[in-house]
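Subject: Structure handover

Hello,

Here is the structure you asked about. My notes on it follow below.

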Amino acid sequence: NLAGVLVRTISHDNAAAQFAQWDLMNASNIPVASGMYIAHIDMPDVGEQKILKFMIIQSKQILEYY
């Protein structure tokens, strides 16, 4: 997240597929909150890294978790 807390690590091992899917759950299987997030993408095969910012807007907030 923007505070620098690791939300989840997603490994993309299928070279034939262009995209990886995320179920919007954190590492503890709790839905993430709406807000700004940072993605660190490591591509060792091409020797590059990307850092992206993105926004999540959840249609339903589960207040017992936040």
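Please keep in mind throughout that the model is predicted. I41 is found in strand 1. Its relative accessibility is 34%, so I41 counts as partly exposed.

The chain has 2 strands and 0 helices. Strand 1 covers residues 35–43, and strand 2 covers 48–56. They pair in the antiparallel sense, over 9 bridges. Together they form a hairpin with 4 residues between the strands. In the turn, G47 has a positive phi of about 70°. M43 stands opposite E48 of strand 2.

Salt bridges

How many salt bridges does a search of the whole structure find? The search gives 2.

One of them joins the side chains of R8 and D23, at 2.5 Å from N to O. This pair links distant parts of the chain: R8 and D23 are 15 residues apart, and each lies in the segment before strand 1. R8 has a relative accessible area of 32% and is therefore partly exposed. D23 is also partly exposed, because its relative accessibility is 47%.

E48 also forms a salt bridge, with K50, and here the closest N and O atoms are 3.7 Å apart. E48 counts as partly exposed at 40% relative accessibility, and K50 counts as partly exposed at 39%. In general, side chains of opposite charge can pair when their charged atoms come close.

Two residues in the segment after strand 2 deserve a separate note. The side chain of Q58 reaches the backbone oxygen of V32 at 3.0 Å. Setting aside neighbours within four places in sequence, Q58 is in contact with L24, P31, V32, A33 and S34.

I57 lies in the segment after strand 2 as well. With a relative accessible area of 69%, I57 is exposed; the cut-off for exposed is over 50%. I57 is also part of a nonpolar patch on the surface, along with L2, M36, I38, I51 and M55. Together these residues have about 630 Å² of accessible area. Strand 1 and strand 2 each supply at least two residues of the patch.

L24 counts as partly exposed, because its relative accessibility is 27%. L24 is also one of the residues in contact with Q58.

N29 lies in the segment before strand 1 too. Its phi is positive, at about 60°, although N29 is not a glycine. N29 counts as exposed, because its relative accessibility is 55%.

The chain as a whole

The C-alpha trace spans about 40 × 25 × 20 Å along its principal axes. The chain exposes about 5,700 Å², and carbon and sulfur atoms supply 54% of that area. Among contacts with a separation of 6 or more, 31% are between residues 24 or more positions apart.

Regards

Notes
Residues numbered from 1 in each chain as written. Predicted model: local features only at pLDDT ≥ 70, side-chain atom pairs only at ≥ 80, totals over all residues. Heavy atoms only, no water. Polar contact = N/O pair within 3.5 Å; in protein donor to acceptor, adjacent residues only side chain to side chain. Contact = heavy atoms within 4.5 Å. Pairing = 2+ DSSP bridges. Patch = residues over 30% accessible without salt bridge, like charges linked within 9 Å, V, L, I, M, F, W, Y side chains within 5 Å. Areas by Shrake-Rupley, 256 points an atom, 1.4 Å probe, with all protein chains shown as cover. Salt bridge = Lys/Arg side-chain N within 4 Å of Asp/Glu carboxyl O. Buried < 20%, exposed > 50% of the residue type's maximum accessible area, 1.4 Å probe, protein only.
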